[in-house]
Amino acid sequence: MAEYDYDLIVIGAGPGGYVGAIRAAQLGLKTACVEGRDTLGGTCLNVGCIPSKALLHGSEKFEEAANGALARYGVKLGKVELDLAALQADKADAVKGLTGGIEFLFKKNKVDWLKGYGKFKDAHTVEVAGKAYTARNVVIATGSSVTPLPGVEVDNDKGIIVDSTGALALGKVPAHMVVIGGGVIGLELGSVWRRLGAKVTVVEFLDALLPGMDGDVRKEAAKIFKKQGMELKLGTKVTGASVKGKKATLTLEPAKGGASEVLEADCVLVSIGRRPNVDGLGLDAIGLELNARGQIETEHDFRTKVDGVWAIGDCIPGPMLAHKASDEGIAVAENIAGQTGIVNHDVIPGVVYTSPEFAGVGLTEEQAKERGEIKVGKFPMMANSRAKTNHEPDGFVKVIADAKTDKVLGVWAIASVAGTMIAEAALAMEFGATSEDIAYTCHAHPTHSEAMKEAAMGVMGKPIHI
Ligand code: FAD
Ligand code: NAD
């Protein structure tokens with residue numbers, strides 16, 4: 001009889017866990033994946049990346065039709081009406097198709113789905129739905145959940161004070177939505193409901209939106225979202241909330257202290273960050289401690305301090321992004337199978353899928369300056385022929401390179417398709433490219449990506465079109 005039931009048990013079937021489980025099975029490991037949700041795919045596929053992008057795409061189409069933007073192309077429309085139920089059904093369809101697809105991939109790759117929430121009995125034993133399963137190795141990929149804001153209680157069923165999951169499921173467009181937190185979730189979901197007709201006010205504690213992004217990008221973001229009609233209250237904190245009937249009343253204060261004000265809303269979205277899912281996992285049973293931020297620390301190969309226990313994704317340090325979790329899933333499976341799995345955490349792109357999109361990879365200008373002398377090339381989308389033709393003037397591409405070696409240290413882009421454009425920058429950086437390498441690479445015309453080439457040319461001080 002085998003010493004263990006499985007070579008590997010993965011706890012959590014998000015983009016970290018399910019990808020890791022499939023990769024491990026491909027490498028010949030007998031693998032099971034524990035998941036307590038009714039469907040596979042984790043936060044990302046069920047209540048994150050996918051449903052939010054479905055609503056962003058649909059709401060963008062609605063806004064284009066409703067605000068008359070299509071008229072210049074000769075598309076004449078009568079009265080444009082929103083069928084929110086149809087949009088929500090389209091979202092549900094996308095989620096169902098993709099989560100069902102993972103179930104199919106599990107069967108195809110012979111990954112067993114252990115249904116229920118897993119809890120460690122010891123480092124090699126996980127209890128699921130009252131039954132104990134053993135494995136030589138266990139990967140913790142339990143992801144993250146919304147960080148609560150004391151004094152502002154979320155109740156997704158009532159739909160008045162909601163988190164991202166509630167904001168993805170609203171059955172009616174709120175007249176006034178207040179978003180607490182001007183980060184990725186607040187701006188993406190705030191954009192959805194603004195496009196569908198809500199007045200949206202964003203309350204952000206810091207003096208700029210989108211923490212973690214390049215300073216220029218953050219400044220430009222505030223201008224763009226204001227121009228689109230969002231009200232921004234930067235440097236402001238929410239100190240409390242109450243709900244009466246169908247309305248919420250929020251009290252706000254300047255972050256640095258001062259006179260408070262009151263704001264009424266039909267819907268409040270709490271989006272102030274996410275924290276690792278570790279409660280109830282039985283980490284004390286295996287002696288695994290958390291760091292000060294409640295995360296599981298790992299070595300570079302994703303092993304924890306406990307022999308045979310590994311961790312990946314949102315529950316470990318680093319950006320909380322699906323593609324980061326998936327790359328770690330592949331790497332941890334390869335390491336467990338005796339290969340060498342590596343993730344280059346210096347080159348993880350991040351994208352905000354609003355319109356325009358905001359994207360970046362590598363160091364911000366501020367971070368790069370702290371490390372040494374740099375050169376920066378910047379090219380406005382207004383001077384890019386394709387963006388200009390498509391009436392998409394907002395944004396720029398910025399390439400940051402080491403002043404001595406010309407090695408690309410970071411790239412930032414605001415453009416309608418910045419999320420797609422940033423892949424080129426990530427690949428260039430992964431290959432150790434210089435700005436000259438990008439500048440002398442032939443880019444197809446007319447594409448938005450030519451702005452990347454021109455920004456790279458700008459590092460040497462010689463763009464053509466400005
Ligand atoms: P998760 O996806 O959170 O999956 C963990 C899974 O583990 C969950 O299904 C959970 O049920 C399960 N689990 C937890 N504990 C246990 C247990 N004890 N036993 C069994 N199962 C357990 N990222 C992007 O890169 N791009 C985007 O566009 C994007 N959009 C987002 C939009 C929203 C609204 C949100 C909330 C997040 C978004 N993210 C996006 C972030 C992305 O969803 C996460 O970074 C990603 O899902 C993390 O993957 P993970 O595998 O670490 O964890
Ligand atoms: P975030 O960290 O992006 O933004 C939270 C914002 O809330 C910050 O700007 C912070 O300063 C602000 N804040 C914190 N406390 C506050 C308070 N009391 N009052 C007012 N503002 C306050 O977090 P998020 O938007 O909740 O997203 C969570 C995670 O999900 C992120 O790490 C992100 O990577 C991931 N995500 C990614 C995408 C994407 O890749 N497109 C989309 C959605 C979510």
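Colleague: What does Thr364 touch, not counting residues up to four places away in sequence?

Modeller: Thr364 touches Gly212, Met213, Asp214, Ile400 and Trp412 when residues up to four places away in sequence are not counted; contact means heavy atoms within 4.5 Å. This is a predicted model, in which local features need pLDDT of at least 70, side-chain atom pairs count only at pLDDT 80 or more, and totals for chains, interfaces and linings use all residues. Residues are numbered from 1 along each chain as its sequence is written, chains are lettered from A and ligands numbered from 1 in the order in which they are written, and side-chain values use heavy atoms, with hydrogens and water left out.

Colleague: Why does Thr364 count as buried?

Modeller: Buried means under 20% relative accessible area, exposed means over 50%, and partly exposed lies in between (1.4 Å probe, protein chains only). Thr364 has 4% relative accessibility, and therefore counts as buried. Its place is in the loop between S19 and helix H9 (365–371); helices (H or I, at least four residues) and strands (E, at least two) are DSSP runs, numbered from the N terminus.

Colleague: What makes Leu210 and Asp406 stand out in their phi values?

Modeller: Most residues other than glycine have a negative phi. Leu210, however, has a positive phi of about 50 degrees although it is not a glycine, and for Asp406, also not a glycine, phi is positive at about 70 degrees. Leu210 lies in the loop between strand S10 (199–203) and helix H7 (215–227), while Asp406 is found in the loop between S21 and strand S22 (408–415).

Colleague: Why is Leu210 called buried, and why is Asp406 called buried?

Modeller: The relative accessible area of Leu210 is 2%, so Leu210 is buried. For Asp406 the value is 11%, so Asp406 is buried.

Colleague: Why does Glu436 count as partly exposed?

Modeller: Glu436 has 38% relative accessibility, and so it counts as partly exposed. Glu436 belongs to helix H12 (residues 435–439). Not counting residues up to four places away in sequence, Glu436 touches Asp406 and Met460. The C-alpha atoms of Glu436 and Asp406 are separated by 7.4 Å, although these residues are 30 residues apart along the chain.

Colleague: How do you know that the side chain of Asp394 makes a polar contact with the side chain of Lys227?

Modeller: A polar contact is a pair of N or O atoms within 3.5 Å; within protein, one must be able to donate a hydrogen and the other to accept it, and residues adjacent in sequence count only if both atoms are side-chain atoms. The value for the side chains of Asp394 and Lys227 is 2.7 Å, and the pair is a polar contact. Asp394 lies in the loop between helix H10 (385–389) and strand S21 (396–402). Among the residues that Asp394 touches, not counting those up to four places away in sequence, is Pro356.

Colleague: What is the peptide bond from Ser355 to Pro356?

Modeller: That peptide bond is cis, with omega near 0 degrees. Another cis peptide bond joins His445 and Pro446, where omega is about -5 degrees. Most peptide bonds are trans. Pro356 lies in the loop between strand S18 (350–352) and strand S19 (357–362), and Pro446 lies in the loop between H12 and helix H13 (450–459).
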